[in-house]
Amino acid sequence: MGPTSSANSRQSTQTNASRSSNSASGSTLADLTACVRRTVGDMPPPLVGCSITLINDHVYLFGGRLVPTRTMVSTLYSLSLRTLTWTLLWPPPSSEPNPDDPPPHPSDHHADGPVPRYFHSAEAWGNKILVFGGEGYSDVSEGETVDAVPLRTLSDLCIWDTEKNAWEFPEPTCADGVEPPAPRYAHLGAVSSFLEPASTDFATAPSASREKSLLIIMGGQDIRNTYLHSVNVLDLDVMQWVRVGKWDRHIGTYRAVATTAKWSVIPSSSAKSPLGNSAASLASPRPASSSRPATPPRLGGTLTAAEEAGIRKGLTGEDENGLGLGKGENLVQLSYSERPTAAVPEPLMIFSNFNFTQVRRDLDLLTAPAPPEHKLEAVSLSNLMAGIQLPPGLRFPTGTIVGRHLLIFGTYLSHAVNNFSVWALDLGRAGGAGITDMLKSGEPLNWSRVDPGSVLSRGSWNRALGWKNTVIILGDRERDIATDYDHRQTNFAHVAFIDLEAFGIYQPPPQALPPMAQSFGLLTLSQPFLADFEIICSDGKRLGCSRKILEDRWPWFRAKLDDFKLRAKGILETQKRRKETLADGGDAVSIAPSARSPTTASSSRSPAKSSTELRLTPRTLNIPEPSAVVQGFLQYLYTLTLCTPLQLSLPVLSALLVFARTYEEANLRALVVHALHEALSSGQWAAASVYEAATLGWSSRGKREVFSTSSVGGTTRIG
């Protein structure tokens, strides 16, 4: 298995150097997207060749070699990204040596832990860390010094369970005709996960699925520093080496990175409702200002013949207005994230760069070995790489995939500039899984630089990870990056955070309901006889809905309703005590005005035609929002997404963004931001058109696009 390598040397290093240099003389808009924080706690010492792994909100640091003494260690630390506190996990605190004890032998380690090592791989697998290989100490004689201890390459697998805080040491078997990987260090590793049917018995479990994970080990060097060319696949469910292949080039951590996406991106689309063109209204016509039916629905358990005919008409899609959509309007599906499946697994993306003076960049796709019959095949994508500028030569690169972008991090050293660089490669609308279609069409994959502003302009920044929609970079702001690179030293005193969302790099929200359920939700909302609650808008319109839906899907409303019930209960108890006191011949108990029921207070005067303040009763909610915004919000509650042309119009999107912040709807805010990103990326609106939305609470991408276009003069649409 060897892909055809394509050399793509480009004369862009000097331009990259000028772009990479950060001026500390003044702040730019990029400074709004990045910040630096100091870490506290049991901070690890500077290390060489340690591994850094992210699981949930914690960074795990294992192994490495101490810089002053050149001694390898097997310590394990964790850093909470919420509190920025380091904690020593291994060896356990109780097993720490006494300061008065003699120094440990270089090959000593805790009996229940792995041997010291560096330049190993450490990959996240659920809540576990898979440590494989590396270089460690051989068996040595007593009295030998660290410089005299012979080294050896390792091929063992060690697993740290972050929930049990304990090590596991499985002994994988080999499938027929498959050999285990040879001992190695400075190799690449990645975990490929996807969902597959849990059972082939569809009568018992038609929709059940389970996650299957594979560990892929490739490249690296042996004890003689000879490059290895094997690609080995470990089935983590059964702990068996099941596949082996060959890579035809030198590859290792010094100049290459391998990663795969944990989420697939499903592109946006627009189509007619699965129920038909639309569903029909199931009740008689109603006034435009009210969603209540002209005739109150019966409370019985049967429907009239007309109602049954209306339901059939709605479900067959004979009326185009049944879902609340205009004539000719379709449901819109924004792009969303979902777990990869065995049918469409995410491929392994491999980026490498060589010859840092005249940089050669290679990009390859390795098909995920999901079904056993799939071969380990690689496809070269090097000829598709394009962009105004390409990444310079990056030393010890690392990477991750966020949404539709491949992110590459690494150290850039030149005569003019020494810094830590972050670059993004747009993989297209469907992310890594859609690369093969782009290869057929010849559509380019464009590189862009993530500008951190002045945050990384000084200091020694060494290793980066992707955390949600943020890049986190470990280092020391007070040290020099070139000096530390000469020693291959990694520091842990500071953490830099770069917000990727401002650059249009983010993971799209998952889809809560499929299109069929969205259509049924809109159909339900459009039926007045299903409404038992009304929202009175600021323009006087009354929109009917289900109070149960509001309670279940709108936490703010549920809290207000619980508070209303609590106050009503208190009033009833006060009135009861008052009656009991009067019956006993005692003095009357007065009720404070502040304790009056909101129902009583609102019924003492005529109903308002419009709502300028919040007012809740058992059957109505007065809300100071226009009906178009409230209608869009109700459509969101019934579908848990933004799928109608009303919701996706710019004025309503901007208003929904403010609505989400006011009423603490984090999921709605994420969807609105996602919709604005999609509009910017597609060129639907100019950047200036969403500037107001950005200032009202959106991320800084709209502002960044506005200033970037205005800096070159004129008004430009952002594509």
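Helices (H or I, at least four residues) and strands (E, at least two) are DSSP runs, numbered from the N terminus. This is a predicted model, where local features need pLDDT of at least 70, side-chain atom pairs count only at pLDDT 80 or more, and totals for chains, interfaces and linings use all residues. Residues are numbered from 1 along each chain as its sequence is written, and side-chain values use heavy atoms, with hydrogens and water left out.

Q: Where is Lys 468 found?
A: Lys 468 is in the loop between β31 (460-467) and β32 (470-476).

Q: Why does Lys 468 count as exposed?
A: Buried means under 20% relative accessible area, exposed over 50%, and partly exposed in between (1.4 Å probe, protein chains only). Lys 468 has 53% relative accessibility, so Lys 468 counts as exposed.

Q: What makes phi of Lys 468 worth a look?
A: Phi of Lys 468 is near 55°, a positive value in a residue other than glycine. Most residues other than glycine have a negative phi.

Q: Why is Asn 355 called partly exposed?
A: The relative accessible area of Asn 355 is 47%, so Asn 355 is partly exposed. Asn 355 sits in the loop between β23 (348-354) and β24 (360-366). Phi of Asn 355 is positive too, near 50°.

Q: Why is Asn 419 called buried?
A: Asn 419 has a relative accessible area of 5%, so Asn 419 is buried. Its place is in strand β29 (residues 418-426). Between the C-alpha atoms of Asn 419 and Gly 459 there are 8.6 Å, and 40 residues separate the two along the chain.

Q: How many helices and strands does the protein chain have, and what share of its residues is buried?
A: The chain has 13 helices and 37 strands. Of its 719 residues, 50% are buried.

Q: What share of contacts between residues at least 6 apart in sequence joins residues at least 24 apart?
A: The share is 65% in the protein chain. Contact means heavy atoms within 4.5 Å.

Q: Which peptide bond is cis?
A: The bond from Trp 90 to Pro 91 is cis, with omega near 0°. Most peptide bonds are trans. Pro 91 lies in the loop between β8 (85-90) and β9 (121-125).

Q: What makes a set of residues a nonpolar core?
A: The set holds buried Ala, Val, Leu, Ile, Met, Phe, Trp, Tyr and Cys residues joined through side-chain atoms within 4.5 Å. The largest such core here has 40 residues. Those with the most contacts inside it are Leu 550, Trp 554, Phe 557, Leu 634, Leu 637 and Leu 642. Elements that each supply at least two residues of this core include β34 (533-536), α7 (555-583), α9 (627-639), α10 (650-662) and α11 (666-682). Apart from this core lies another, of 23 residues, among them Val 257 and Tyr 412.

Q: How do you know whether Phe 557 is buried or exposed?
A: Phe 557 has a relative accessible area of 0%, so Phe 557 is buried. This residue lies in helix α7. Leaving aside neighbours within four places in sequence, Phe 557 contacts Phe 533, Arg 547, Leu 550, Glu 551, Leu 616 and Leu 621.

Q: Why is α10 called roughly antiparallel to α11?
A: Axes are lines fitted to C-alpha atoms, for helices over the stretch in contact, and angles run from 0 to 180 degrees between N-to-C directions. The axes of α10 and α11 come within 9 Å and cross at roughly 150°. That makes α10 roughly antiparallel to α11. Angles under 35 degrees count as roughly parallel, over 145 as roughly antiparallel, 65 to 115 as roughly perpendicular and the rest as oblique.

Q: Why is α5 oblique to α9?
A: Helix α5 (residues 515-525) packs on α9 at about 130°, with the axes 8 Å apart. That angle makes α5 oblique to α9.
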